[in-house]
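Please view the sequence and the model together with the text.

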Amino acid sequence: MSERDGRRDEEPDRLDEFQAELARLRARRSTSSTEQRLLVAGVVLMPLGLVLVLIGYLGASGTTELSSQVPYLISGGVFGLGCTIVGAALFLRYSLGRYLRFWLLRLIYEEHTTADRQVDALERLGDRLAGRPTERAAAAADRQKETRP
Amino acid sequence: MPEPAPPSPVLELRALRAGYGRIEVLHGIDLAVARGTLVGLLGPNGAGKTTALAAVSGQVRPTAGTIRMAGVDVTGASPDALARAGVCTIPEGRGVFPNLTVDENLLMFSHGGASARHVADVAFTHFPQLELRRRVLAGLLSGGEQQMLAVCRALSTRPAVLLLDELSMGLGPIVVEELYAQVKTLTERGVAILLVEQFAAFVLDVADQVAVLVNGEIRAAGRPAEMAGLLQGAYLGAR
C-alpha cells in the first residue's frame, strides 16, 4: 500500500475527530443585533430611572418619618439615578458609534469619488498629450457631424 | 458507468452575509470545499475575500446565512473554539511571532497536542533553510522565510480545514510557487483548503476549484481552466 493510500485511510479518523469536536461547540447564533438591543436598553433605562426618582420623591415627601424615607431614597434616588446614568451612557456609546460609522462611510465614499475624478482627469490629460481626441471632444465632433447639413 | 457522487463538503457557506456593524461586505455568498480539495477565492482588492475568511474562522460574526463544517452548523462559533477543533488560519501578513526565534515559534505551534520535536521535524523537512536560521528572531527573517514558518503551523498540526489569506503578499514568484506546492501536499492528507488570493495566476495552477468574489458576491465559480478567461472581466468590473 502506498503512503498516499495509507494517508487516505487515516482521513476518516481526522474528519470524525473534527466532527466530534465541532459537535461539542456551543455555536451561538449571530449577535449583530446586540448593538441595537443595547441602544434600546439605553433609551428605556433613561426615562425609567427618572420615573424611579419621581416615585422616590413622591414616596419620601408623603411621610415625615426618616426610617420610611430611607428606602425611597435608596430605590428611587440611588437606583433611579443609576439607571439614568447607565442608560445615558449606553445611548451615547451606541448612537455615537453609529454616527461615526456613517461618517467614516461617507469619507470613504467621497475619497472614492475624488479618486475616480482624478483618474478621469489624468486619462483625459494623457489622451490630449498623446494627441488622441478625448471622449468629450469625440462626442462633440459626433454631434457636429449629425447637425451638419 | 455512473459518475461517483461528489464528496460531501467539509466546509460549506450558504447565503452568508457578513460585515462590520451596519456596513455589509458579503451579500449572501455560497461556497463549498470538499475534503482533500483546494478552493481558491479570487477577486480584486476590496471584494470581501478577507471578510469571508474572517467569517469562516469566527473572527467576524455573520449577520445571516450559515457556515457548516463536516455537516455541523458552526455559524457564530468563536475563533478559539474553531481553532481547537481543527481549523487552521494563516492570516495575511505572516502569522508568526516576530519577537520569538524560529525554534520558539515552532514550540508555540505544538500547543495543539503535536510534540515540539515533531513540529520541528516537519518544518525542517519541508523548508530546510529554516533549520539554518532556527535561532534567529522570526521578525528578522525574509518575508518568504516568515511565510514558510507560518505555513509550518498548517503542515505540522493536522488541521481539518485550512484557511489561507494572501500567501503571496510581498513575496517573489519563486518563493510563492514553493509555498503553494507545500500547501498543495496537504490536500493529499484530506485537508480542505480555502485560499484567498488577489493574484490569480498563482492559484490557477494549484486550485481544484476557483470562485471569483466581486463586491461581496460570487460572480463565477468553476474549474481553474474554465475560469482563466473570465477573471480579467471580473477584475475589471465587467458583469
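How many salt bridges are counted between chain A and chain B?

## Basis of the model

This is a predicted model, in which local features need pLDDT of at least 70, side-chain atom pairs count only at pLDDT 80 or more, and totals for chains, interfaces and linings use all residues. Residues are numbered from 1 along each chain as its sequence is written, chains are lettered from A and ligands numbered from 1 in the order in which they are written, and side-chain values use heavy atoms, without hydrogens and water.

## Contact between the chains

The count between chain A and chain B is one salt bridge, a term for a side-chain nitrogen of Lys or Arg within 4 Å of a carboxyl oxygen of Asp or Glu. A:Glu17 and B:Arg158 pair through their side chains in a salt bridge, at 3.7 Å from N to O.

Chain A brings 25 residues to the contact and chain B brings 33 residues, where contact means heavy atoms within 4.5 Å. About 2,500 Å² is buried between chain A and chain B, with 58% from carbon and sulfur atoms; buried area is the accessible area (1.4 Å probe) that two parts lose on being put together, summed over both. Of the area that chain A buries against chain B, 23% comes from A:Arg14, A:Phe18 and A:Leu22, more than from any other three residues.

## Cysteines

Over all chains, the count is zero disulfides, a disulfide being a pair of cysteine sulfur atoms within 2.5 Å. A:Cys83 is buried, with a relative accessible area of 9%. B:Cys88 is also buried, at 6% relative accessibility. Buried means under 20% relative accessible area, exposed over 50%, and partly exposed in between (1.4 Å probe, protein chains only).
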